[in-house]
Amino acid sequence: MSVNVRIPTILRTYTGGQAEVSAEGATLAEVLADLDRNHQGIAARVLDDTGKLRRFVNVYVNDDDVRFAEGLETATPDGAGISIIPAVAGGC
């Protein structure tokens, strides 16, 4: 399955400055593995040492937060849009 992955500014050094790249995979885990094969090092910024999504990184498949779906096993149908969004904190 071919999907489009939107890359946040902070991770674009791994994609040569591209804001959106294509990746292959039937699940989010497969997409992230393919993304890392083509843009080495990016998975280490999205996944922790145990292979789970980092606490402060949000990932959406077609606007659905994968933490409330099947996590890394969330299906990524052909043509899906995936967004990687680092969490932002702040306030007074």
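Does Thr 27 count as buried or exposed, and at what relative accessibility? In this predicted model, Thr 27 has a relative accessibility of 14% and therefore counts as buried, the cut-off for that class being under 20%. The residue is placed in the loop that lies between strand E2 and helix H1, and, when its neighbours within four places in sequence are left aside, Thr 27 is in contact with Leu 72, Glu 73, Thr 74, Ala 75 and Thr 76.

Five strands form an open sheet in the order E2-E1-E5-E3-E4, with mixed pairing. Strand E2 (20-24) and strand E4 (64-65) stand at the edges, and because each has a single partner strand, one side of each is left without a neighbour in the sheet. Helix H1, which spans residues 28-38, packs on the sheet and touches strand E1 (2-6) as well as E2, E3 and E5, its direction making about 115° with that of E2. Within the sheet, strand E3 (residues 57-61) pairs with strand E5 (residues 81-86) in the antiparallel sense over five bridges, and Tyr 60 stands opposite Ser 83 in E5.

The loop between E3 and E4 holds both Asn 62 and Asp 63. Most residues other than glycine have a negative phi; Asn 62, although not a glycine, has a positive phi of about 50°, and Asp 63, likewise not a glycine, has a positive phi of about 70°. As regards accessibility, Asn 62 counts as partly exposed at 39%, whereas Asp 63 is exposed, with a relative accessible area of 66%.

Notes. Residues are numbered from 1 along each chain as its sequence is written. This is a predicted model: local features need pLDDT of at least 70, side-chain atom pairs count only at pLDDT 80 or more; totals for chains, interfaces and linings use all residues. Side-chain values use heavy atoms; hydrogens and water are left out. Two strands pair if DSSP finds at least two bridges between them. Helices (H or I, at least four residues) and strands (E, at least two) are DSSP runs, numbered from the N terminus. Contact means heavy atoms within 4.5 Å. Axes are lines fitted to C-alpha atoms, for helices over the stretch in contact, and angles run from 0 to 180 degrees between N-to-C directions. Buried means under 20% relative accessible area, exposed over 50%, partly exposed in between (1.4 Å probe, protein chains only).
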